[in-house]
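Student: I would like a close look at one residue and what surrounds it. Please keep it brisk.

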Amino acid sequence: MPTSSFWTAEERIPISQKKVSVQAENGLSYELGQQINFVIPPTINFMMPSETYLRMDVRVQYPSGKKGVPLTLDGDIGANVLLRDIRISSGGAQNQILEEIQNVNVLTALKYDYETNDNLKKKRALTEGTVVASNVARPNNDGTSTNMNNLDSNPYFYSDTEGLVDDDYRTVKCLLKLPTGIFQNDKIFPLAMTQGLRIEIILEDANKVFRQLETTLKHKRITSNPVFHSLSGSNASRTEWTNGSNASALYLERQNGQIALESCPFRVGDVLGFVNPREVDIDEPGDSLIPADNSGAPVSASIVKVTVTGVEYASGPTIGGGTDETGLIKISFANTTNNWGQAITPSATKKYYVYSAAVEESTSFNPTCSVDNVELQVQQVEMPQGYVSKMNSMLKAGGAMNYDFLSFTNYKYSQLASDRVVNIRLPIQNSRCKSVLCIPTDAHPYSAKDSISAEDTYQVNNITRDTGGGDYSYNNSTRSGLVGIADHASNYQFIYNGKLNPNRKVPLSRVSVNLGNEQPLNQQLFIENEKALRMANIDPLSFQKYQENFFIGRALSLSSGVYDARGKDFNLQVEYQESQAPSKPKLWNNFVAHLRRIVVKGDQIALEV
């Protein structure tokens with residue numbers, strides 16, 4: 001068998017590239033929920049889709065009259081959370097739809113949660129407005145770390161201010177790859193033959209895009225929050241806040257990164273509460289915002305909360321360890337009486353964690369985000385005139401130009417919270433399918449206030465080292481409507497082409513039951529999901545967020561193969577037979593990864609799906 005030589009002569013075409021800026025048709029500035037329109041003109045002739053970027057400036061803005069709460073966009077996908085729906089069609093009078101993906105930010109969240117490592121996280125933080133974890137605020141009470149602890153180098157706001165008002169928020173310059181099959185493709189796209197491209201982008205609503213630092217939340221990894229030290233600030237004689245006594249300042253332990261002013265997540269204007277995850281006693285709650293007689297919902301006259309008036313680093317012979325290097329963070333507030341009925345006591349075995357209650361206590365909390373200077377930076381490829389002439393002559397002689405790319409179609413399905421057995425019928429009409437990714441998102445209509453505080457959102461798990469193991473702390477989702485929830489699913493099975501796939505039900509109980517402490521896992525789900533991700537061109541580098549972003553995947557082919565799903569009854573059956581019933585309604589986003597083909601023949605543009 002002859003062996004090809006290293007020195008093989010191949011035909012190469014000399015090309016040059018340059019960036020071309022395409023402005024949006026309907027202005028430079030937008031609000032959430034609005035639509036952005038681009039038209040890439042056919043005069044560009046050829047472009048490199050994978051090197052074409054959407055550029056925008058985003059800036060978080062406080063609700064009127066509010067301050068003190070550090071807010072960001074979604075820390076894992078950054079400004080990508082703003083892109084909800086994308087439609088791409090050909091230019092000219094024909095206006096043939098080439099690609100349309102609904103809820104594309106749900107797909108992006110899945111990709112970024114599973115195709116991730118430290119290098120990718122840092123690269124995305126440079127260009128896409130994501131947030132990387134801070135070593136300064138890493139937990140040291142055995143809690144798991146999160147990227148939403150970053151206060152010292154957060155791209156959305158300045159951390160060196162005692163107060164945090166609207167003027168302290170930065171403008172974040174973002175450069176995003178459009179999350180579509182055409183613009184993820186590494187093959188040169190012939191714009192002249194499609195008479196250019198029309199791109200329509202619908203921005204996400206405000207109730208799904210904003211996040212608060214997780215080290216300030218009661219309902220998310222409370223053991224990573226600042227810890228109450230005392231009223232006196234002295235390690236030698238720590239003063240508890242006894243019932244009925246007054247105070248105007250408190251000190252925080254040198255734990256969970258609270259060793260400098262820059263690492264304190266509380267700012268002037270924030271409202272603070274206190275929680276001991278384990279009950280004070282069997283009949284009385286461990287949350288200072290709940291009446292001590294456990295009579296029900298918080299009552300303003302019967303709770304202990306303080307509004308921050310000052311934050312400073314205090315040191316001296318009677319503060320902390322008595323040296324400048326062992327000082328404590330001091331939180332000042334108006335003179336307040338502890339009328340809770342219980343003492344807030346510093347203790348090594350019964351810690352009181354401090355959390356932000358400003359959003360939760362507000363009657364409404366509706367931040368906004370400005371999107372400015374929007375443009376599309378197109379990578380133009382200049383082909384030799386001889387190559388263009390040859391291609392045009394072949395088309396005129398009756399030839400056709402085919403352009404293949406991997407895309408996704410979202411087949412949605414709505415599920416009630418009371419459903420225990422779900423039969424999801426997917427009307428798939430794609431001829432060259434690669435895999436299907438089924439993401440059951442929380443469909444409860446949360447307001448921005450509810451979503452940010454995570455008070456009643458889906459409980460991801462109840463791991464003791466994160467929640468303290470008590471009844472007054474949870475690990476709830478802060479990304480409702482964007483990520484998948486398991487919600488006590490028992491098993492699943494696909495049925496298509498008259499066969500069960502796999503031939504036995506895939507168990508989910510050890511993955512989806514959110515109680516317990518690090519349960520053993522069902523490996524079959526991960527094997528199925530890994531194959532499905534790979535066939536959808538998502539590199540499965542990490543399964544760390546298998547509970548925080550749950551999905552069910554099925555590879556419909558392997559390697560370079562495809563599967564024709566047309567005319568087949570395609571079903572997904574999911575059973576919820578655990579002792580604990582499902583808690584949330586769900587919107588299943590079923591993304592089918594498949595190959596599409598643009599066919600240009602003469603003056604006609606056709607699409608094969």
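What distance is given for the polar contact that joins the side chains of T467 and N462?

Tutor: The distance is 2.9 Å, between the side chains of T467 and N462. A polar contact is a pair of N or O atoms within 3.5 Å; within protein, one must be able to donate a hydrogen and the other to accept it, and residues adjacent in sequence count only if both atoms are side-chain atoms. This is a predicted model, in which local features need pLDDT of at least 70, side-chain atom pairs count only at pLDDT 80 or more, and totals for chains, interfaces and linings use all residues. Residues are numbered from 1 along each chain as its sequence is written, and side-chain values use heavy atoms, without hydrogens or water.

Now place T467. It sits in helix α6, residues 464-467. Helices are DSSP runs (H or I, at least four residues), numbered from the N terminus. T467 has 0% relative accessibility, so it counts as buried (under 20% relative accessible area, with a 1.4 Å probe and protein chains only).

Look at the neighbours of T467. Leave out residues up to four places away in sequence, and T467 touches I222, T223, P277, N462, S473, Y474 and N475. Touching means heavy atoms within 4.5 Å.

For contrast, take helix α2, residues 118-127. One of its 10 residues is buried, so α2 lies largely in the open. N117 caps the N-terminal end of α2, with a side-chain oxygen 3.1 Å from the backbone nitrogen of N119. Just after α2, G129 takes a positive phi of about 75°.

Technical notes
Buried < 20%, exposed > 50% of the residue type's maximum accessible area, 1.4 Å probe, protein only. Helix = DSSP H or I, 4+ residues; strand = E, 2+ residues; numbered from the N terminus.
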